[in-house]
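This report describes two ligand sites and some of the packing in one protein model. The sequence and structure come first.

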Amino acid sequence: MDTGNFTDNPTPEGDVKTRALVGFMGRIGYRAAGLGERDLDRGYEYLDSLRKLGGFSFVSANTVYQRTGKPVFDPYTVVTLSPKEFGALKGKPVKVGITSFIRFNPTFLKPSPSGDNMILSNALDEAKHLIPELRAKCDLLVVLAEMPKDDAHLIARTVKGIDLIIAGYAGMISGAEEKEGTTRIVYIGNQGKYLAEIRAMRGSQSWELSQTMHYLGATYPEEAKAKDAVSSVLNQINETNKKIALERASKSQSKGGTLAAPAAAAAGGARTYLGSEACKDCHSKEYEIWKMSKHAHAFDILVQKKADFNPECVGCHVVGYHARGGFEDAENTPDLIHVQCESCHGPAADHPQNPTAPYGKAGGAAACAPCHKLENSPTFEFTNYWAKIQH
Ligand code: HEC
Ligand code: HEC
Ligand code: HEC
Ligand code: HEC
């Protein structure tokens with residue numbers, strides 16, 4: 001099961017990721033997912049296409065049509081676990097009832113294909129009539145929830161019959177055992193960083209539930225097949241963005257412009273970054289040292305890894321990403337690839353004409369910090385690293 005909010009950003013790249021993720025979920029045996037506000041933001045048709053792709057249920061008890069108050073998606077599903085499929089089940093099958101609630105958001109409103117709007121109704125009100133109905137159809141009743149702790153506890157306290165609430169909200173994690181009456185509540189973090197393993201033992205009266213939170217860090221080795229699948233998705237993202245970049249480049253060329261950074265900047269009057277070649281004549285000593293450094297080739301490794309159009313990668317391997325007149329993509333600003341002088345010293349457009357005006361204090365270690373972070377440069381230590389590029 002998943003608590004929802006599995007939908008990525010509404011961009012071509014986000015779509016590739018979302019579709020890959022939902023596909024994986026289906027393949028590794030997900031039976032149901034709740035929906036979160038991020039998912040609903042993309043509208044009904046998008047979600048419905050994802051549901052078909054994943055081949056498992058999307059449930060939401062309080063996403064309803066504005067006019068009728070009727071649920072837009074299945075309000076719940078009942079999954080039957082058979083002893084044949086699950087050896088641990090002795091004797092008769094177990095029916096798991098799964099529903100999902102989103103925190104009440106009075107401002108939420110999205111069109112649906114029927115011409116009516118989708119809104120979020122009050123989760124507690126829906127729970128009051130839905131839980132008894134579902135309880136009668138299942139052995140174990142699970143609520144997936146996208147809501148703060150107070151709301152989850154209020155539902156468990158007010159509506160009897162919920163065995164387990166699995167919740168995702170703002171990355172919260174239940175470290176210690178969390179209960180409300182006989183209902184166990186587990187907050188499972190976000191971004192797929194945790195797997196909540198919940199064991200249910202059938203007691204004579206009720207279920208005994210125990211939980212282990214698995215932090216999916218480096219101690220869990222990558223599975224070869226999954227790793228291949230992930231790199232094929234990353235390649236696909238790279239290709240998608242490359243195509244977009246190529247289209248932009250050819251459009252701007254057909255308008256008579258070339259977007260090569262300095263030229264484009266000059267044309268638009270927004271000349272900011274010049275590139276290292278522009279420093280060579282006056283700072284030949286610094287230039288030669290830089291040219292020998294790995295910084296001067298920092299983009300090549302991304303090309304090799306097919307990550308040269310991945311926005312999650314390029315920022316630290318180029319000049320002035322996201323800055324005015326800085327790197328956009330390798331097609332439109334090809335002379336701003338690699339880590340160049342201005343990656344550390346800042347945009348130099350005004351400097352050559354007026355070299356005595358203050359420019360370019362890099363500030364030592366502070367100049368390295370935005371890129372040499374722990375995740376990307378675990379062995380970084382300023383004195384040693386600076387010694388390799390000192391100029
Ligand atoms: C026309 C020659 C010229 C060009 C081109 C030029 N500079 Fe300079 N730069 C100078 C001079 C001269 C100084 C020394 C100014 C001073 O000492 O007051 C200087 C100083 C600097 C300083 C040191 C500032 C300080 O406070 O010590 C940096 C950093 C710098 N330049 C970076 C660059 C970069 C990066 C480029 C290319 C984008 C570049 N320069 C292009 C002439 C140039
Ligand atoms: C926050 C900045 C940053 C981001 C984002 C970033 N990198 Fe890097 N990358 C670095 C730095 C800094 C180094 C140099 C590390 C060192 O030598 O200490 C590096 C080195 C590398 C290397 C060569 C060293 C190695 O580990 O083999 C590769 C390959 C690489 N990055 C790929 C990527 C890819 C792929 C992405 C996107 C998923 C990415 N980088 C995103 C900063 C970044
Ligand atoms: C990786 C970051 C980085 C890159 C790339 C880089 N520098 Fe520097 N540079 C520094 C730092 C740090 C200093 C030390 C002074 C400071 O903190 O400002 C410095 C100092 C300087 C100085 C002043 C030297 C002095 O005697 O005070 C000049 C001039 C300079 N760099 C020019 C360049 C030029 C030209 C390039 C490209 C060919 C370049 N730098 C590339 C980080 C960088
Ligand atoms: C714009 C991002 C960025 C900034 C700022 C930056 N670096 Fe880097 N640095 C990189 C990347 C990316 C690489 C990896 C290049 C490669 O291996 O292809 C790297 C590699 C290096 C290496 C080579 C490591 C090796 O294995 O030999 C040294 C040394 C280094 N950086 C020092 C510094 C220092 C010192 C500073 C600050 C003064 C700094 N860098 C600032 C992005 C940056």
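Helices (H or I, at least four residues) and strands (E, at least two) are DSSP runs, numbered from the N terminus.

## Basis of the model

The model is predicted, so local features need pLDDT of at least 70 and side-chain atom pairs count only at pLDDT 80 or more, while totals for chains, interfaces and linings use all residues. Residues are numbered from 1 along each chain as its sequence is written, chains are lettered from A and ligands numbered from 1 in the order in which they are written, and side-chain values use heavy atoms, with hydrogens and water left out.

## Ligand 1

Donors are N, O and S atoms within 2.8 Å of the metal (3.2 Å for Na, K and Ca); water is not among the atoms, so sites may look incomplete.

Histidine 283 is partly exposed, at 34% relative accessibility, whereas histidine 351 is buried, at 17%. Buried means under 20% relative accessible area, exposed over 50%, and partly exposed in between (1.4 Å probe, protein chains only). The shell around ligand 1 has 14 residues, and the closest are Ala278, Cys279, Cys282, His283 and His351; a residue belongs to it if one of its heavy atoms lies within 4 Å. By class, the shell contains eight nonpolar, four polar and two charged residues. Here Ala, Val, Leu, Ile, Met, Phe, Trp, Tyr, Cys and Pro count as nonpolar, Asp, Glu, Lys and Arg as charged, and the others, Gly among them, as polar.

## Ligand 2

At the iron atom of ligand 2, the protein supplies a single donor, His317 (NE2), 2.3 Å away. Histidine 317 sits in the loop between α10 (311-314) and α11 (341-345). Ligand 2 is surrounded by 14 residues, of which the closest are Cys313, Cys316, His317, Ser377 and Tyr385. Eight of the shell residues are nonpolar, four polar and two charged.

The side chain of serine 377 has an N or O atom 2.6 Å from an oxygen atom of ligand 2. For tyrosine 385, a side-chain N or O atom is likewise 2.6 Å from an oxygen atom of ligand 2. Two or more shell residues come from each of α9 (300-304) and α10.

## Aromatic pairs and a buried strand residue

The structure holds ten aromatic pairs. Rings of Phe, Tyr and Trp (its six-membered ring) pair if their centres lie within 6.5 Å; planes under 30 degrees apart count as stacked, over 60 as edge-to-face and the rest as tilted. Phenylalanine 299 and phenylalanine 327 form a tilted pair, 6.0 Å centre to centre with 55° between the planes. Phenylalanine 299 is in the loop between α8 and α9, and phenylalanine 327 is in the loop between α10 and α11, 28 residues apart. Both count as buried: phenylalanine 299 at 2% relative accessibility and phenylalanine 327 at 3%. Phe6, Tyr30, Phe56 and Phe58 form one aromatic cluster.

Isoleucine 165 belongs to strand β9 (residues 164-167) and is buried, at 1% relative accessibility. Isoleucine 165 and valine 186 are 21 residues apart in sequence, and their C-alpha atoms are 6.2 Å apart in space.

Conventions. Polar contact = N/O pair within 3.5 Å; in protein donor to acceptor, adjacent residues only side chain to side chain.
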